Amino acid sequence: MKFLDQAKIYVKSGDGGAGCVSFRREKYIEFGGPNGGDGGKGGDIIFEVDKGLNTLGDFRHNSKYIAESGEEGGKRRCTGKDGEDLIIKVPEGTVIYDDESGKVIADMSGDNLQETILKGGRGGKGNMNYATSTMQAPQYCLLYTSPSPRDRQ
């Protein structure tokens with residue numbers, strides 16, 4: 001007896017957090033310089049085999065899966081928190097396809113028990129990363145980077 005299930009779901013990895021524009025200001029330090037922190041990395045989408053599952057019925061009610069985005073950077077060179085990875089449990093033998101192209105992304109059978117499908121976005125860079133000898137007080141930063149659909153492994 002063979003069962004055949006199909007489920008169409010939408011997955012999105014997390015965006016990277018925004019970098020921060022900040023300057024060191026203290027009482028007796030006139031030119032403190034930039035100290036804006038970097039943004040955190042966005043969460044990945046990971047498919048994992050669960051031996052207790054035998055159907056894709058859980059995907060009937062919840063068809064959107066979005067990983068957590070990274071937090072933005074802070075003052076005093078503080079890096080933002082990374083977004084939480086989203087682990088989606090699937091039964092053994094599940095084949096994951098790309099809906100647009102029809103290509104097989106992953107086959108969750110055999111020794112393949114965990115697969116990272118989408119990588120999260122990198123965090124943005126704070127203004128401390130853009131300081132040079134000629135530009136000592138940059139007033140810009142890299143806001144964030146969204147993950148690209150082509151960032152698959």
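**Charged side chains and their partners**

A: Let's start with Asp15, which pairs with Lys12 in a salt bridge whose closest N and O atoms are 3.2 Å apart. The term salt bridge stands for a side-chain nitrogen of Lys or Arg within 4 Å of a carboxyl oxygen of Asp or Glu. Asp15 is buried, at 19% relative accessible area, while Lys12 is partly exposed, at 27%. Here buried means under 20% relative accessible area, exposed means over 50%, and partly exposed lies in between (1.4 Å probe, protein chains only).

Before going on, a word about where this comes from. This is a predicted model, in which local features need pLDDT of at least 70 and side-chain atom pairs count only at pLDDT 80 or more, while totals for chains, interfaces and linings use all residues. Residues are numbered from 1 along each chain as its sequence is written, and side-chain values use heavy atoms, with hydrogens and water left out.

How many salt bridges does the structure hold? There are five. One of them joins Lys89 and Glu48, with 2.5 Å between the closest N and O atoms. Because Lys89 sits in strand β4 and Glu48 in strand β2 (residues 45–49), this pair ties together parts that are 41 residues apart in sequence. Strands are DSSP runs (E, at least two residues), numbered from the N terminus. Lys89 is partly exposed, with 41% relative accessibility.

Another salt bridge brings together the side chains of Lys8 and Asp99, at 3.3 Å from N to O. These two belong to distant parts of the chain, 91 residues apart: Lys8 is in the segment before β1 (10–12), and Asp99 is in the loop between β5 and β6. Lys8 is exposed, at 65% relative accessible area, and Asp99 is exposed too, at 58%.

Is Asp98 buried or exposed? Asp98 is buried, with a relative accessible area of 18%. The side chain of Asp98 makes a polar contact of 3.2 Å with that of Ser101. A polar contact is a pair of N or O atoms within 3.5 Å; within protein, one must be able to donate a hydrogen and the other to accept it, and residues adjacent in sequence count only if both atoms are side-chain atoms.

Finally, look at Glu72, in the loop between β3 (64–66) and β4 (86–90). Glu72 is exposed, with a relative accessible area of 59%.

Technical notes. Helices (H or I, at least four residues) and strands (E, at least two) are DSSP runs, numbered from the N terminus.
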